[in-house]
Amino acid sequence: MLLRHTDSNVIEREALTVNPAKTCQPIGAMYAALGINKCLPHSHGSQGCCAYHRSTLTRHYKEPIMSGTSSFTEGSSVFGGQSNLLQAVNNMFTIYDPDVIAVHTTCLSETIGDDIPQIVDLAREKGFIPKGKYVFHCNTPSYVGSHVTGFSNMVKAIVDYFAEPVEYKTGKINIIPGWVEPGDMREIKRICYQMGIDTIMFPDTSDVLDAPQTGTYDFYPKGGVTIDDIKKTGSSQKTLALGITSSTAPARALDVKCSVPCEILDLPIGLAATDRFVDSLRKAANVEVPGFIEDERGRVLDFITDTQQYLYGKRVALWGDPDQLVSLTEFLVDLEMKPVYIVTGTPGKKFLTRIEKALNGKVPEAKVKQGANADMFLMHQWIKDEPVDLLIGNTYGKYISRDDDIPLIRHGFPILDRVGHSYFPTVGYAGALRLLEKILDAILSKMDRDSEEESFELVM
Ligand code: SF4
């Protein structure tokens, strides 16, 4: 097995990452672009990059991911990819008829220094961009950042290119959901709808990457925010941006460009973070929280009370995206569990202080690491040194789970070996119930499996 010989003796490393706890920037840019209606993402780089990005998204969402590529050859690697991108734009509008093409760069095109806005201007001059159609871009060199910063860059580009500053305000609330599953975006929209709040969510991958099976293949599924709605985000009265790492930059850009004030919130995962989200919605739209949402909250509280005896003091290792980790940590601490090991490969200034706040001084033994050396190898070394009761993270933790016989709850991105995660929310009160049920099931199933005959209980 891959990690069987991992040594528990941690040696400080400076220039080596082993099994990174992140993926590459363009994957996030591609995911964000898919949240625009009739948008065709385009990868400006080699075919290999594009194939990797598409296949990772396809394996996670179990849906075909459409994207163009500039298909760099040796020649374009030396002389630049201008002619490839011009031809690609012409081909894509002619053959696939998208409303918008979202170009992201790769390590190679960034190293060459291709000037994408200049190439897009040239494409327009040559008549390759039909009237009423758009091409926009973001920069995603993958020797910095991660899939989360790539997502953030593309969402900011959406604002930079399309949001229109206007004098009047419509009273709508913009929601930037951060990198969450399509099922999460659907749940956030449901909460807003049931509170009677008119929103524009961008990007919105619900009904794109979890579109219903109808018997006919739609190259462009019905979901995704429209360009018209994105333009109107400049006239909304407020933006709620969920996830500090993924949503701060676009929310601030919209404030600067269109004077739409923003509030940056944690992802609404768990009880307290959802409370803050619902309260911010209530204040922003000046509405009352309906009784049935309070009832949903009450059910989460009841479930927490019922599970406390099983979860108290259980040690948990977490890895993945910073926004997810902050909210998950807070939730686990609220459950009186102990998130003792927390690792993310995604850089970002505020992560460590936010984790410290989420830990709230309740887990003094917690080890937290961020950046290039914060990898799955280090996580495994910590676990070998002092084990945990539960793992929560993406598919890459399954080797640790198998080697050390620790239950794994698959959460975050990517999940390559299971189906269905994209349909079920982990945000909101409904998501908290689901997460709690998964945690409890994992802990009790192991207890059942490991108990001696005389202590194997029917009622637990
Ligand atoms: S890290 Fe760079 S070269 Fe590798 S797949 Fe990502 S964009 Fe391409």
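## A walk through the model

Start by selecting aspartate 97, which sits in the loop between helix H4 (82-96) and S3. Helices here are DSSP runs of H or I with at least four residues, strands are E runs of at least two, and both are numbered from the N terminus. Check the backbone torsion while you're there: phi of aspartate 97 is near 50 degrees, a positive value in a residue other than glycine.

A word on what's loaded: this is a predicted model, where local features need pLDDT of at least 70 and side-chain atom pairs count only at pLDDT 80 or more, while totals for chains, interfaces and linings use all residues. Residue numbers run from 1 along each chain as its sequence is written.

**The sheet around S3**

Next, select strand S3 (residues 100-105) together with S4; they pair in the parallel sense over 5 bridges. (Strands pair if DSSP finds at least two bridges between them.) Label isoleucine 101 and you'll find it opposite valine 135 in S4. Now widen the selection to the open sheet, whose 4 strands run in the order S2-S1-S3-S4 with parallel pairing. Its edges are strand S2 (68-69) and strand S4 (134-138), each of which pairs on one side only.

**The ligand**

Which residues surround the ligand? Pick out Cys24, Pro26, Gly45, Cys49, Tyr52, Thr106, Cys107 and Ser142; a residue is near a molecule if its C-beta atom, placed from the backbone, lies within 6 Å of it. Colour that shell by class and you get 5 nonpolar, 3 polar and no charged residues. Nonpolar covers Ala, Val, Leu, Ile, Met, Phe, Trp, Tyr, Cys and Pro; charged covers Asp, Glu, Lys and Arg; the others, Gly among them, are polar.

**Zoom out**

Show the whole protein chain as a cartoon: there are 17 helices and 13 strands. The radius of gyration is 23 Å, close to the 23 Å that the globule rule gives for 460 residues, so the chain is as compact as a globular protein of that length. (That radius is taken over C-alpha atoms, and the rule is 2.2 Å times the number of residues to the power 0.38.) Along its principal axes, the C-alpha trace spans about 80 × 55 × 45 Å.

Colour by domain next: domain 1 is 25-162, domain 2 is 173-289 and domain 3 is 292-453, with bounds from an automatic or database domain assignment.

**Where domains 2 and 3 meet**

The centres of domain 2 and domain 3, taken over C-alpha atoms, are 25 Å apart. Select the contacts: 29 residues of domain 2 touch 30 residues of domain 3, a contact being two C-beta atoms, placed from the backbone, within 7 Å. On the domain 2 side, helix H8 (182-194), H10 and helix H11 (271-285) are the elements giving two or more residues. H8 supplies the largest share, with 7 residues. By class, that side has 16 nonpolar, 8 polar and 5 charged residues.

S7 (residues 238-242) and S8 (residues 262-265) pair in the parallel sense over 4 bridges. Click alanine 241, then its bridge partner in S8, isoleucine 264.

**Two cis prolines to finish**

Go to the loop between strand S6 (199-201) and helix H9 (227-232) for proline 203. The peptide bond from phenylalanine 202 to proline 203 is cis, with omega near -10 degrees. Last stop: proline 414, in the loop between strand S13 (408-410) and helix H17 (428-450). The bond to proline 414 from phenylalanine 413 is also cis, with omega near 0 degrees.
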